Amino acid sequence: MKHIISACFFLFSWSMFSQNVTVTVDKTVTLKEFFKQIEQQTDFKFAFTDQINVSQKYFTQERTYKNIEIKELINELNKSALLQFSVVGNNIFVKQKVTKAPKKKNKLTGQVFDESKQPVIGANIFIKELSTGATTDADGKFSIEVDKGSYTVLVSYLGLKNKEKQLTVADDTRMNFYMDSDSQELEQVIITNSKAVDVRNTQMSVNKLSMEEIKRIPAAMGEPDPLKSILTLPGVTNAGEASSGFNVRGGAADQNLILLDGAPVYGDSHMFGFFSIFNADIVNGLDLYKGGIPSKFGGRVSSVLDVNQQTGDFENYKVNGGIGLISSRLLVQGPIEKEKGSFILAGRASYAHLFLKLADNKNSAMFYDLNAKLNYRLGANNTIAFSGYFGNDVFDINDRFSSTYGNTMGILSWKHKFSDNINTNLSVFYSDYKFNLGIQSENFEWDNKISSYGLKYAWNHTVSEKLKLNYGIDGQYYDFNPGTVQPTSSDSPFNYKQLDKKYALESSAYLDFEHQLTKKLNLRYGLRYSMFYRLGDENINTYENGNAVIYNPLYHIYQEGTPTGSIAYGKGKTISKFNNLEPRVALSYAFNDDNSVKASYNRMAQYIHMLSNTQSPLPMTIWTPSGPFTKPQLLDQYAAGYFRNFRDGDYSFEGELFYKKIQNRIDYIDGADILANNDIEQVILNGKARSYGMELLFRKNTGDFTGWVSYTLSRAEQKTPGRTAEEPGIANGDWYLSGYDKLHNLSIVGSYEYNPKWSFNANFSLQSGQPVTYANEYYEFGGINIPNYSLRNENRLPVFHHLDLAATYTPKPDKKKGWQSYWVFSIYNVYNRKNAASMTFTTNEDTGANETRRLSIFGIVPGISYNFKF
């Protein structure tokens, strides 16, 4: 009997389902109209809850179903309609569709400050339960996407106490962290590092130094120096002691883009390289990009040094400074309006010239500079800021020679937050470098200057946790004054002369993607498009066959060409124009949380050039734009590396290989005269350069003893072949060592915290001697011995090395209020190494013998400084 009833029910259901209907639905059909179409053609009835509004239009597509079975119609409607249909017996039940909402990610955002209310750049934000985290940006801000729940957040940074907080995330959450200085006595001084390698980040070939680290590195004269500190990093060298500029991966000093709070700086040193222009008291930190350079940077082909100044305290007035042997400094900061506005001012001045006067020495040498930064918060989403720098050097030698040179820079920026996902920074800036030379015995002065005016608009857009965009535009107008010569008295042998001024406009747009493809694979890729216009008012020389330099086969030398005429370009008229696509790509593959491999490629263009035929730039160095005779330099750089952390980041290792090639690198003919030369194209040739090598960096990040060892094995070469088969070019047209080649470069930096009162620091540096050209023989002419020199840079100076030591004494380390102070005692070049700055080939006046003389700048140099704050 049971089977008979079941069979009957099946047959009844089948007969109901097998009824065919023809219905039409579209966006204009209400649910009631749809019911009517079905009920008129079948025995089915509709059942629904009160939540269903039969007068509403639930259909999203327009379609007619002809002679379709009820079962198939129900299946089709459930695919597209906003309701759920089901058949039970002769009833069709209708209910709302249950859609599973995607699980919402909540954002944990905030900002990290130190005890002075300064944003902490590069602090580690770590969520213990998720084993994930982030790093704070240039404003100390961070953002992490998390699910709802309770978490333990650990904030750490070198030299600051760890901060740990428990929090519950139920929605988007913002929380700021304030970190105290880590100076208390512990059983073991453990500094949770911010220097462990970020193995997942695609950024490679970049080194970051905090001011805590910079102040620990001993330097000449006992003055902490941000610029000198980067010489302890792999791939970074300079021309020697008391020399200006720095060289990165075999590049020249003019190939480095130096930024101070985003504005370019053209001169980097005081007192011919004894000090850098960066005051350690106000600098917050620096990033040195050697390769894999993001698309937002452009204009140079070797490196980017990005230096940021501190933000003034928004709550309290504070003063700190230092008194040294030859210079002193003072910094003042505080609120303009509490919680809204702040200022910070820092100044330095040397006083060695005062001691010279006391000793009845008529020579004088001094420098001074002033840094300023103002910030004002207009609200939660808007901040305006101004940063400025002004510095000068003044020299006076026996009232015969005088010189003044220095930088001026100012940048005004507006930071606007559209949302948690979009931040922008609009800025305008002015920057210049000027040099003045006066020769009293000849009664004349010579001035040169470079000025630039610029605008930048940068956007940071977080599309998702796995995709971030950085894009923007920038433009810069240049005004070059290569020299103005003017007499200072009526009996001067010089007449007034203005070298041709030059003008140029450089603009660019960029787009950069940071893309997490998988948990292990991250990719950053981008493109920069740059344009450069050389503009009038200027007269451009013309030459036979277009050659401003001619080759003399009789004497086997290059000589200055003779102009055949000139072309006049009016004000604002385009003389030359260039444009370049500059692709960038970098990737990282993390095997696990502790080790990864990375690779990068970037192309960059440089449109302005420094005219200097010395390896260390002099203050009188002149900048010139690309044009008819000077093409833009183009770089292609490839890098690959292995990165690893050991013992939970206590130790870290970075190893990289790099290869870079540069097109259109200018070179100088033998005997080139570039000072006050109005036709500079007559002494330069276009060549190319390349460098390649290996960089190793091993760090100890935690404990009483911290530090690093860096080693670089590299080669830097140039090649300037002849333009025809008859011309030899430079060095017979073969590859020759550039002036920046350092085959070996070793630095060892160590810091030991003995107790809260005493800490000790050491720095050992060893480099191959820089390439030079020696005399290999002499010949006699008119009774005078004249040296004959080898091929260019075929020889080297002796190996360069020195050991520096420093001790820091803090009398009252536990004192947190009122007058606080510490002493720094340093010894530069402990074992008094006489490193050669140059070699001079002369004839002894007494014996008539030929001899070589070594010039050394430093021997052993003790230093002491007293530092305070209140």
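How many contacts beyond four places in sequence does the model have for residues 183-194? The model has 34 such contacts for residues 183-194, where pLDDT stays under 50. Here pLDDT is the predictor's confidence in each residue, from 0 to 100, and contact means heavy atoms within 4.5 Å.

This is a predicted model, in which local features need pLDDT of at least 70 and side-chain atom pairs count only at pLDDT 80 or more, while totals for chains, interfaces and linings use all residues. Residues are numbered from 1 along each chain as its sequence is written, and side-chain values use heavy atoms, with hydrogens and water left out.

**Exercise 1. Confidence and domains**

Task: State the confidence of the chain and its division into domains.

Solution. 
- Step 1. The average pLDDT of the chain is 85, and 92% of the residues score at least 70.
- Step 2. Over residues 1-17 pLDDT stays under 50, and the model has nine contacts beyond four places in sequence for them.
- Step 3. Domain 1 covers 20-96, domain 2 covers 106-178, and domain 3 consists of 206-481 + 508-566 + 580-869. These bounds come from an automatic or database domain assignment.
- Step 4. Between the C-alpha centres of domain 1 and domain 2 the distance is 53 Å.

**Exercise 2. The sheet β2-β5-β4**

Task: Describe the strand order of this sheet and the helices that pack on it.

Solution. 
- Step 1. Helices (H or I, at least four residues) and strands (E, at least two) are DSSP runs, numbered from the N terminus. Two strands pair if DSSP finds at least two bridges between them.
- Step 2. The sheet is open, has three strands in the order β2-β5-β4, and its pairing is mixed. Its edge strands, β2 (45-48) and β4 (83-88), each pair on one side only.
- Step 3. On average, neighbouring strands of this sheet are turned by 30 degrees against each other, direction ignored. Axes are lines fitted to C-alpha atoms, for helices over the stretch in contact, and angles run from 0 to 180 degrees between N-to-C directions.
- Step 4. Six bridges pair β4 with strand β5 (residues 91-96) in the antiparallel sense; Q84 stands opposite K95 in β5.
- Step 5. Helix α2 (residues 31-41) lies across β2, β4 and β5 and runs at about 150 degrees to β2. Helix α3 (residues 70-80) touches β4 and β5, and its direction makes about 160 degrees with that of β4.

**Exercise 3. Strands β26, β27 and β28**

Task: Trace the pairing through these strands.

Solution. 
- Step 1. Strand β26 (residues 364-377) pairs with strand β27 (residues 382-397) in the antiparallel sense over 14 bridges, and four residues lie between them in a hairpin. M366 stands opposite V394.
- Step 2. β27 is also joined to strand β28 (residues 401-417) by 14 bridges, again antiparallel. The bridge partner of N382 in β28 is H416.
- Step 3. The hairpin of β27 and β28 has three residues between the strands, and N398 takes a positive phi near 50 degrees there.

**Exercise 4. Salt bridges**

Solution. 
- Step 1. A salt bridge is a side-chain nitrogen of Lys or Arg within 4 Å of a carboxyl oxygen of Asp or Glu. The count comes to 25 salt bridges.
- Step 2. R329 and D281 form one, with the closest N and O atoms 2.8 Å apart.
- Step 3. For D670 and R792 the closest N and O atoms are 2.7 Å apart. D670 counts as exposed because its relative accessibility is 65%.

Methods: Buried means under 20% relative accessible area, exposed over 50%, partly exposed in between (1.4 Å probe, protein chains only).
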